Amino acid sequence: MNRILRCSSQVIVVAAVILMARVMPAFATVGWLPVSADDLALKDNPKEPGADAMILYREVTVDARKANISGDSLEEYVRIKIFTQAGTKYGHIEIPYDQSFETIPYAGGRTILPDGTIKDFDGQVLNSTLVRTGGVEYFAKTFTLPDVQPGCIIEYRYDRQARPGWLHDEGWTLSSNMYTREAHFTYYPNDIFDQAGYHAQYRPYLLPAGAKMKENADHSYAMELHDIAAIVDEPLMPPKAAMEPSVEFYYVTPGEPDPTDPPTKFWSHYAKQWSGEISHFTDKKDALNQEISKILSAGDSPEMKLRKIYARVEQIRNLSMEDYRTQKETKAEDLKPDGNVADVLERGYATGHQINLTFIGLARAAGFDATEVFVAPRNTSLFIPNQNDIGELSAELVWVKAGSQEYYLDPSARYFPFGVLPWYESEAGGIRVDGHTPTIITTPNPSSSQATIVRTANLTLQPDNSISATVQIDFTGLEGGMLRYSDRKDDQTGRTKDLESRIKDWLPIGSEFSITKIDDWDDIEKPLRVEGTLKLASYGSTASRDMLLPLDIFQATQAGDFAEQTRHNAVYFQYPYQEIDTITVNPPPGYKIEAMPKPQKIDLKAAVYDITVASQGNSVEVNRHLTIDGVLFAKEAYPTFRAFFGLVRTNDNAQMVLENTQTGQLN
Amino acid sequence: MRRWCLKTRRPASLINRLVVAGVAGAVLLACGASRASAGSSAPDWLSVAAQQKLPAYPKDTKAVILLDETAITVQSNGDIYTRHRAAVRLMRPEARDDYGGIAVDFDKDTKIESLNAWTIEPDGRVIAVGEKDAIEHGYLSDLEYDDVKVKALEFPDAYPGRVVGFEYVQRDRPYVFEDDWWFQDQSPVRTARLILQVPSGWEFTANWFNHAEMKPQTPAPNEYVWEVDDLPGIEIEPQMPPWRTVAGWMGLKYFPSDPALRAKSTGSWTDIGLWYDNLTKSRRDATPEIRQKVAELTAGATGTLQKIRVLTDYMQRNIRYFAVEIGIGGYQPHSAAEVFARQYGDCKDKATLLSAMLRAIGIESYYVIIDTNRGLVNSDYPSIDFNHVILAIRLPDGIDDANLYSVIDDPKLGRLLIFDPTNEYVPLGYIPSYLQDSYALVIAPDGGHIEKIPLLPPSTNRLLRTAKLTLTPTGNLSGEIQELRWGAPASEERQMFLSLQPSKREEVFDNFLGEFLNSFQLTGASLGNLNNYGQTLTLDYKFFAPEYAKSAGNLLILSPRVVGDKYTSDLDLFTVNGKPRQYAIEFDEATLQTDVFDITLPAGYVPDGLPRPVQASCDYAMYRSDTTIKDGVLHYQRTLEIKDVVVPKDKLPEIRAFLQQIAADQTAAAVLKKVSPVAAEVR
């Protein structure tokens, strides 16, 4: 949890800092800016063609000067050029707000038609209920601008006013789902906080090139930006949180670590605190030693010992993996808070954090050097050590050393085998708590061999082109872990349904696939094995006396992610992986192999594919191996991957020709 | 009752009210709110329902509805109080998603008087939650604003083995006196009960649908009780007919003794027509501004039909769809003046403004209320259960309707040209496919006329794709494809292209080719008549596909069907969750589609095998294809005709076999063999 006084919608300003109120001049009402003929004539965004609309101008002003008296205020003014029919949806404006701490004193807008005619919004601003329950009241002010059509310009503005003593999230989100041509951001800090010792600071994230913070004589901060790219949703794109430029403002609390300190000093404060928490929770030597004596044997190798400890803590009921419980539900189940490892081991349930601490305690009791690690999970954030932002470190795992071998493990993730981290915790930056010393680390890169899907199919072909087959699929390592995690709340019927649906996505249209067996669901150290039967009324095709079959019955679904010709974002595979297929085809009696495609291999280093086909007596065996070995690739690599998966699809569908030796000549 | 605009929410079975677990759970989690009280007791009706012994159900049964009871009390002033209570046994984890809570819609006319819920634990303990634990939210959308809100409660500890139950009372001040009792669900129902109390002197009718009629018990004067037991669950299937046409329900209509309230009774289509005609009176008056705009738009138009076309075109392209529906606004349009001033509106608003504009040129038109779900409106059961409003334009004598496929004849009103101003791409003379083959109510001053909107013939929805292609000895394929489209295939494509900037339109061709070709380069693309909705839409595109034909030894193998799919993705509809499909399948429209592909072959290659000709037909469709080689050109031609759009369950095997033949034809390959020049000459 962040210990800095970070301003948020739920943080009320403490009374102690409401010292000297100073009356500040009210904002002058922002009028509409003049509209240029060039903007009216604009048909598309010349710098990023093809969008439905673009933001011509945006201005955001956050004023916290009067927060002590009247709450802070936020004013936003947005001017948008509409290019297409689809873009007219931006003519409907929704301004969500939390009525318990803010109001929207003004909202309005207007439409400027392509010929320059201005149509003011003169209707009613309506109020919609978003959520209302026990003191929480989220509403939205909504209004629809008149006569919005392609070619027009719309603009609107609104004011947000926090209730006295409240602050909004003090920051600027610089980008939008539309391209922004020009944007101005201003922040007026609360100088009364400053006098009370709470100094305003800011942290920039992923600022566009050329963006500079200007600190004005009146202590306000300002930034002017041009040509901010839209964040476009695409398959296999990096996590949005790692792409969105923003600026965060915060106030440093006296006595707390100052993010403007050198990182070593800043992180040392937390390392000391975390180290103390570990020691406090694990300070039950008797209970730990007793447990160690039960689970370890004298002849165990160091890794074996760690595996046994890992397996032991995985048996603890992980409350963090279960649904949210109300206080009454918790009470009804008589769940007590665990104060230390002895409680955990005795009661058999714990939160994920406590399970990790229990692992650390047991590992230390067994003589290992073990500690806690906090990382920025790749799916939500980036770790930038010099930013001194503790909020980035939202995931935790454990580090343990056996001899010269280091291990990063996450027992709290519950469904992942020893040595395999959830993908978002691999190759992730963070802080390791080495006593009172913070060590900046990056967790190991994931390996493709830790996430494999091994598919085996034995196909029996009938003269009418129908097939029946047995199929076996092993999901190993990360692949098994991810499935076990996502289906953890299902029963056998639900898991079967989900797995059948996933596997059907790999098979040709019209396939009937039924699972006959799921093995090792509960043994996370083993691959998750699925067996099933497949029936398909028509597979491949016939041409006179020939029967033509594609080599691989499993379809390369990745090609769908590369369907679009153009690309806006980098290519981001969550983790490296491998697909290993072995297909045995048993032709109908009387058929022999007339022709087989040649072996194919494509080696791009980061993406490797090979496929071979060989006859084995009366049958044919196809072996295919696809490896993706990397996570993040520049946008420029997109065409290469697109071509790669196109070739994969081509070669998967290359056809073997079976000739019917029992029929006559050509038709 | 549903409101009349395209984006309405459906009422229906219990499950639709029991879906809040995700939403409410997330909100409650975020708010940290919970005031559930443990140690409470369950009401008797719930305890009794929970104790019943259940028969064996299939292992994938998520939940069993033990009791679903609705008690309707009609008061003499027309107010209706409904008490709804239900008890559900949760059988599997997935039940938490579907039956994890209760959500009730309300607005100022449908006030929730009370709301309570309980969970009975396996050990008999009871956890109760009440209205103070509920969350309230509205519906937000880019396309509408309405004042309907939802009150939702999450059942505590809703896991397998528990029995959950709820009870709420709602007061309704209905616009019309009709009610629906939905007694079937996606899960099996043990007992469903309706208790009706009407004031003395009131009458009612009860009509049963998708279930045999049952007679009520009368335990007291003016009190009627119906009960149905052991109803099977209805599993949702993709592309199945509307819920209303498959699930059991009963329609109730009340007829008050007070003549002042009689206008709210909908005993006949005429009644509904009069009610709506009265509701929309004066809405279609043309203001001077509207008249001026009409004059401006029609100034260059010659003839009445051309003037009508100009106005319908204006309505489709200039008036943005956005619904503002408050109270009766779910049914009553805004005035033409308001819609014109704001230049936006929902379906009934657009119909209203168009009607006013047509009046300005002397053309009469009528509201048509209809549903976008084919088959939902039952012509034998007058009801206001529609979700869309379009317009019937009365054609004056002398207008040739030969190319106007959407004309129907009304015995009283004459020739009516049906037009949907909300659909931005279906031109005058056509009807959107989702409105065809359905009943609709034409609102005339003398009341409502129920009319069948026809299914347009296949020839009105045409796709003709021709290709001139060349194959090289290395298997590279290049050439040009032209598509001619009209009717639905044109509207669908126009919608796709017009929603994009011109600079992005090439990507549509690219993505289309990418569905069929593993590797290719688009070398040219153009569109014709994109903005002329009344004209044939043309698509021309050129491409180069390296190694389209695969080499295998001295063979060259290629699929003559280079691009295009004819409904084979529907093959996945016949098995749902590992079980045979139970309900009819619907095609979007009747259509006639033809592909004619000529592929010039490389010299020195002769056929070693060609796909067999296909002649497939069933009651609903016809398909034929043929592949020949003549003068070094492979000629592939196929035709698909969909003649009828609803395939009932008993005909599913037939249509499946039909689609399998198409699928086999689409993947069929031609095998070419390289021969020496001498051998080639001999052949």
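Mentor: A helix axis here is a line fitted to the C-alpha atoms of the stretch in contact, and an angle runs from 0 to 180 degrees between N-to-C directions. Keep in mind that this is a predicted model.

Trainee: At what angle do helix H4 and helix H9 of chain A pack?

Mentor: H4(A), residues 263-282, and H9(A), residues 352-365, pack at about 75°. Their axes are 9 Å apart.

Trainee: What makes H4(A) roughly perpendicular to H9(A)?

Mentor: Angles of 65 to 115 degrees count as roughly perpendicular. The value here is about 75°. Therefore H4(A) is called roughly perpendicular to H9(A).

Trainee: Which residues make the contact between H4(A) and H9(A)?

Mentor: H4(A) brings Ile278(A), Phe281(A) and Thr282(A). H9(A) brings Leu357(A), Ile360(A), Gly361(A) and Arg364(A). By class, the contact has four nonpolar, two polar and one charged residues.

Trainee: How do you know which residues of helix H10 of chain A are buried?

Mentor: A buried residue has 20 or more other C-beta atoms within 10 Å of its own. In H10(A), residues 477-486, the buried ones are Gly477(A), Leu478(A), Glu479(A), Gly480(A), Gly481(A) and Arg484(A). They pack against strands E22, E23, E25 and E29 of chain A.

Trainee: Turn to chain B. What is its secondary structure?

Mentor: Chain B has 14 helices and 41 strands. Its C-alpha trace spans about 100 × 70 × 50 Å along the principal axes. Of its 683 residues, 47% count as buried.

Trainee: What makes two strands such as E30(B) and E31(B) a pair?

Mentor: Strands pair if DSSP finds at least two bridges between them. E30(B) and E31(B), residues 555-558, have three bridges, in the antiparallel sense. Ser551(B) stands opposite Leu556(B) in E31(B).

Trainee: In what order do the four strands of that open sheet stand?

Mentor: The order is E30-E31-E41-E36 in chain B, with antiparallel pairing.

Trainee: Why is one side of E30(B) and of E36(B) left without a neighbour in the sheet?

Mentor: Because E30(B), 550-552, and E36(B), 605-609, stand at the edges, each with a single partner strand. On average, neighbouring strands of this sheet are turned by 35° against each other, direction ignored.

Trainee: How many bridges join E37(B) and E38(B)?

Mentor: Four, in the antiparallel sense, between E37(B), residues 614-617, and E38(B), residues 621-630. That passes the cut-off of at least two, so they count as a pair. Val614(B) stands opposite Ser625(B) in E38(B). Three residues lie between the two strands of this hairpin.

Trainee: Which residues have the most contacts inside the largest nonpolar core?

Mentor: Met357(B), Val368(B), Ile369(B) and Ile557(B), in a core of 222 residues. Helix H10 of chain B, residues 347-360, gives the most to this core, with eight residues. Apart from it lies another core, of 62 residues, with Ala49(B) and Leu196(B) among them.

Trainee: What does Ile557(B) touch beyond its neighbours within four places in sequence?

Mentor: In chain A, Ile557(B) is in contact with Leu548(A), Gln655(A) and Val657(A). Its partners in chain B include Ala549(B), Ala552(B) and Val671(B).

Trainee: How many residues of the two chains are in contact with each other?

Mentor: 75 residues of chain A are in contact with 72 residues of chain B. Strand E6 of chain A, residues 126-133, gives the largest share of chain A's side, seven residues. By class, that side has 25 nonpolar, 32 polar and 18 charged residues.

Note on methods
Residues numbered from 1 in each chain as written. Chains lettered and ligands numbered in written order. Predicted model: local features only at pLDDT ≥ 70, side-chain atom pairs only at ≥ 80, totals over all residues. Buried ≥ 20, exposed ≤ 12 C-beta atoms within 10 Å, placed from the backbone. Contact = placed C-beta atoms within 7 Å. Nonpolar A, V, L, I, M, F, W, Y, C, P; charged D, E, K, R; others polar. Core = buried A, V, L, I, M, F, W, Y, C linked by C-beta atoms within 7 Å. Parallel < 35°, antiparallel > 145°, perpendicular 65-115°, else oblique.
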